[in-house]
Amino acid sequence: MHMCNFCCNFVPDLKCSSVAIHKKIVVLVLCAWSICSFGQVSNAGRSVFSFMSLPASARINAMGGSNVSLSNGDVALGMCNPALLHAQSHQVMQLNYSYYLPGTMFASVLYGHNFGRSKIEKPYTGEGEPDKPNYFAVGIHYLDYGKMKYADEQGNLTGGSFGARDILIDVMYARQLGRMFKVGVTLKPVYSIYEHYTSFALGADVGAHFQSKDSTFQMGLVLQNIGWQLKGFYSGEGGKNHEMLPLNLQLGITYRIPKAPLRLHVQIHNMQTWKLDYEWTSRDKSATTGDYISHKVKWYDMMFRHTIFTIEVVPKSEKFYIALSYNHRRRAEMNLIDQRSIAGLSLGAGVRIKQFRVDFAISQMTKSNFSYQAGLTIDINSLMK
């Protein structure tokens with residue numbers, strides 16, 4: 001009963017008589033923590049293809065690198081959680097380009113298509129259950145690291161150069177279950193080629209999403225990158241070496257403030273493992289010997305390394321948005337002690353003009369460079385009318 005009263009106060013649209021809904025939410029959270037406990041053991045080894053954690057769109061970058069709870073028709077959000085695919089992502093194409101370092105290129109193309117019971121083509125207004133409750137999307141992501149020169153063990157150039165590339169394909173499917181629940185799954189083939197070394201892996205995402213009837217409260221849960229290499233980069237004593245993909249269990253909450261153009265997001269990532277740091281050393285300035293001392297991350301610092309906070313300025317029509325986010329893990333790992341830095345902060349904006357939407361985001365993903373991302377979304381369904 002106390003849980004029921006809490007939910008009703010926090011989410012005004014839910015009624016206390018909807019005990020079944022509350023039970024589903026509680027079960028959702030308990031499942032998350034159960035998987036979290038299992039992940040402490042199952043993800044104890046190494047992982048590969050860390051590029052899969054990069055934000056593949058400007059909107060995601062502006063939200064600190066991930067958002068698993070906002071479902072508003074942006075097809076790119078399905079890469080964070082397949083259950084975020086939406087009725088309004090039907091026949092929508094999105095192009096994204098990212099700049100991280102000189103000589104590198106990270107680009108993606110996504111397309112969404114819905115299907116279902118009705119053969120009558122009509123836009124979804126957000127009221128009632130959509131006529132096409134099956135949501136499908138596919139995305140191709142390409143990361144080119146540019147040309148690198150050959151060198152020996154001492155760093156002496158030996159002549160010639162080689163390339164390195166990563167390719168990821170997202171095949172996403174989501175199903176609307178009633179008006180407030182969605183579930184989704186993503187199949188993710190991954191292929192990498194570094195010089196003459198190649199690797200192939202197969203992964204999957206499994207996610208769920210809940211939102212109140214007036215969409216002021218949304219919650220998402222996803223387990224990303226379930227899978228491993230089918231073909232490793234190298235062979236060991238026992239044969240071909242196979243490593244896991246970067247498993248990531250995430251829980252997100254989105255809340256839109258009534259009668260205000262503000263939307264708040266809190267994301268908890270990497271719930272499957274508590275330790276997200278490494279021990280590091282620095283010279284002890286107080287010691288005359290110049291010895292190095294070891295540092296360890298405090299428990300409260302570690303807790304915040306699992307969180308991303310985002311605030312959005314967005315009208316109800318969602319014709320534009322301005323987003324500011326803070327990723328504490330990125331701040332802790334990318335901050336420069338002797339220089340000014342905006343590491344951890346991300347800023348982005350987007351505007352919709354008729355059938356098009358343009359997005360742009362800026363953040364600091366490396367210790368010496370800013371990263372820029374731009375995106376173009378095209379509503380093909382409206383454009384062809």
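**Entry 1: strand S10 and its partners**

I began with strand S10 and found that six bridges join S10 to strand S11 (residues 262–268), the two running antiparallel. I noted that strands are DSSP runs of E with at least two residues, that helices are runs of H or I with at least four residues, and that both are numbered from the N terminus. Two strands count as paired if DSSP finds at least two bridges between them. Within this pairing, the bridge partner of Arg256 in S11 is Arg263. S10 and S11 form a hairpin with five residues between them, and in the turn I looked up Lys259, which has a positive phi of about 60°.

I then looked up strand S7 (residues 217–231), which pairs with S10 in the antiparallel sense over eight bridges. Here the bridge partner of Leu221 in S10 is Leu251.

Before going on, I wrote down that this is a predicted model, in which local features need pLDDT of at least 70 and side-chain atom pairs count only at pLDDT 80 or more, while totals for chains, interfaces and linings use all residues. Residues are numbered from 1 along each chain as its sequence is written, and side-chain values use heavy atoms, with hydrogens and water left out.

**Entry 2: is S10 enclosed or open, and where does Gln250 sit?**

Strand S10 (residues 248–256) is largely enclosed by the rest of the structure, because seven of its nine residues are buried. Buried means under 20% relative accessible area, exposed means over 50%, and partly exposed lies in between, with a 1.4 Å probe and protein chains only.

Gln250 lies in strand S10, and counts as buried because its relative accessibility is 3%. Leaving aside neighbours within four places in sequence, I listed its contacts (heavy atoms within 4.5 Å), among them Ser66, Val68, Leu221, Ile268 and Met271. The side chain of Gln250 makes a polar contact with the side chain of Ser66 at 2.7 Å; such a contact is a pair of N or O atoms within 3.5 Å, where within protein one must be able to donate a hydrogen and the other to accept it, and residues adjacent in sequence count only if both atoms are side-chain atoms. Gln250 and Met271 are 21 residues apart along the chain, and their C-alpha atoms are separated by 6.3 Å.

**Entry 3: the nonpolar cores**

I looked up the largest nonpolar core, which has 33 residues, including Phe49, Met79 and Val190 among those with the most contacts inside it. A nonpolar core is a set of buried Ala, Val, Leu, Ile, Met, Phe, Trp, Tyr and Cys residues joined through side-chain atoms within 4.5 Å. Another core, of eleven residues, lies apart from it and includes Met180, Phe210, Leu249 and Met271.

**Entry 4: His328**

His328 is found in helix H5 (residues 328–334), and I recorded it as buried because its relative accessibility is 17%. Not counting residues up to four places away in sequence, His328 touches Asp301, Phe304, Arg305 and Thr307.

**Entry 5: the whole chain and its confidence**

The chain has six helices and 18 strands, and 46% of its 385 residues count as buried. The chain averages a pLDDT of 81, with 76% of the residues scoring at least 70; pLDDT is the predictor's confidence in each residue, from 0 to 100. Over residues 1–22 the pLDDT stays under 50, and it is also below 50 over residues 24–45. Where pLDDT is low, the predicted coordinates should not be read in detail.
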